[in-house]
Amino acid sequence: MIRLAIVSPCYNEEEMLRISAGRLIELLDSMINAGQISPDSFVLYVNDGSKDASWSIIEELNRSDKRISGISLAHNVGHQNAILAGMMTVRTMVDGVVTIDADLQDDIRCIPQMVDLYGQGNEIVYGVKVSREADPVLKRITAQAFYKLQDSMGVQTIYNHADFRFMGRRALDGLSLFEERNIYLRGLIPLIGYKSTTVDDVISNREHGKSKYTLRRMLNLAFDGITSFSIRPIQIITLTGTVMLILAFAMLVYVVVSLIMGHYVPGWSSLMLSVWLIGSVLTIAIGVVGTYIGKMYMEMKRRPRYIIDQSLLPEDKI
């Protein structure tokens with residue numbers, strides 16, 4: 001039997017936490033009774049700087065059942081860093097971790113299957129969404145477009161996988177070796193390279209509260225994912241600059257022909273040539289310099305990805 005931790009990031013989830021905790025504890029009990037996991041398995045909620053009563057509820061749940069544990073981050077660091085904080089906190093305490101959002105829209109019935117697949121030698125098991133009928137139409141469309149955009153930009157991810165996954169101890173140790181500040185777990189974890197597989201994840205409707213993944217947050221996640229794993233946007237900028245340079249030379253030919261034939265407006269020729277030539281040169285320069293600056297800027301600061309303010313862990317005396 002393995003010791004399992006279910007890591008669940010939460011941001012302003014006071015309406016869902018008690019429901020979520022009840023279902024996850026019920027799941028742990030059934031898996032313990034089935035002999036899949038050890039009795040000291042637990043749930044870890046990661047409070048990502050919530051402004052509501054989320055942390056107070058986690059403290060209350062911990063007092064009633066020590067298998068409900070939690071950490072509270074000093075401020076909101078975003079979904080990806082919150083998941084990472086939870087995984088790295090329990091990494092040395094457990095044999096495996098399942099990450100799942102506190103709204104439980106992912107299918108928790110997949111978790112026993114994930115543990116079984118781990119027992120068959122898979123260090124990572126991804127939950128892949130086979131149905132998104134519960135998602136709003138706009139989210140469905142943008143999500144599909146996002147996965148296709150990632151692929152076109154050269155970002156290697158698991159199609160239709162979000163952040164519902166199982167990771168064994170070796171995989172967690174491997175993840176801890178990645179020290180970059182810009183975290184995009186959906187692209188980072190496949191780079192670990194250990195044996196992996198998938199399970200089918202059927203998304204359900206959110207019961208209470210509103211999704212914290214607004215369109216702005218989804219766009220930011222998409223931008224971070226692409227820029228953290230691909231320099232293709234910079235290459236596109238450089239290519240655009242090159243095309244503009246070619247157009248500048250074509251404009252030069254046009255201007256010379258106009259001058260020879262006497263069809264020109266005074267001052268127009270020099271203005272057009274200046275705009276096209278300077279614009280193309282500057283765009284190429286920005287693309288080339290940006291390639292180097294962009295790679296150095298985010299990593300050389302070495303800022304902490306998260307800071308834990310309070311913790312309620314299984315080893316702590318409450």
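Student: Which residues of α1 are buried?
Tutor: In this predicted model, the buried residues of α1 are L17, S20, A21, L24, I25, L27, L28, M31 and I32. Buried means under 20% relative accessible area, exposed over 50%, and partly exposed in between, with a 1.4 Å probe and protein chains only. Helices (H or I, at least four residues) and strands (E, at least two) are DSSP runs, numbered from the N terminus.

Student: Why do they line one face of the helix?
Tutor: Seen down the axis of α1, the buried residues fall within an arc of 160 degrees, so they line one face. The arc is that of the directions from the helix axis to the C-beta atoms.

Student: And which residues are exposed on the other side?
Tutor: E26 and N33.

Student: What covers the buried residues of α1?
Tutor: The cover includes β1 (4-10), β2 (42-47), α2 (54-64), β3 (68-73) and α4 (110-119). Contact here means heavy atoms within 4.5 Å.

Student: At what angle do α1 and α2 pack?
Tutor: About 35 degrees, with the axes 10 Å apart. Axes are lines fitted to C-alpha atoms, for helices over the stretch in contact, and angles run from 0 to 180 degrees between N-to-C directions.

Student: Which residues make the contact?
Tutor: L17, R18 and A21 of α1 meet S54, I57, I58, E60 and L61 of α2. By class that is 5 nonpolar, 1 polar and 2 charged residues. Ala, Val, Leu, Ile, Met, Phe, Trp, Tyr, Cys and Pro count as nonpolar, Asp, Glu, Lys and Arg as charged, and the others, Gly among them, as polar.

Student: What comes just after α1?
Tutor: G35, which takes a positive phi of about 75 degrees.

Student: Switching to α6, which residues are buried there?
Tutor: Helix α6 (residues 169-176) buries A171, L172, G174 and L175. They cover an arc of only 160 degrees around the axis, which puts them on the same side of α6.

Student: Where does T238 lie?
Tutor: In helix α9 (residues 232-261). T238 counts as partly exposed because its relative accessibility is 22%. Its C-alpha atom is 7.8 Å from that of I286, 48 residues apart along the chain.

Student: How many helices and strands are in the protein?
Tutor: 10 helices and 8 strands. Of the 318 residues, 44% are buried.

Student: What about numbering and cut-offs?
Tutor: Residues are numbered from 1 along each chain as its sequence is written, and side-chain values use heavy atoms, leaving out hydrogens and water. Local features need pLDDT of at least 70 and side-chain atom pairs count only at pLDDT 80 or more, while totals for chains, interfaces and linings use all residues.
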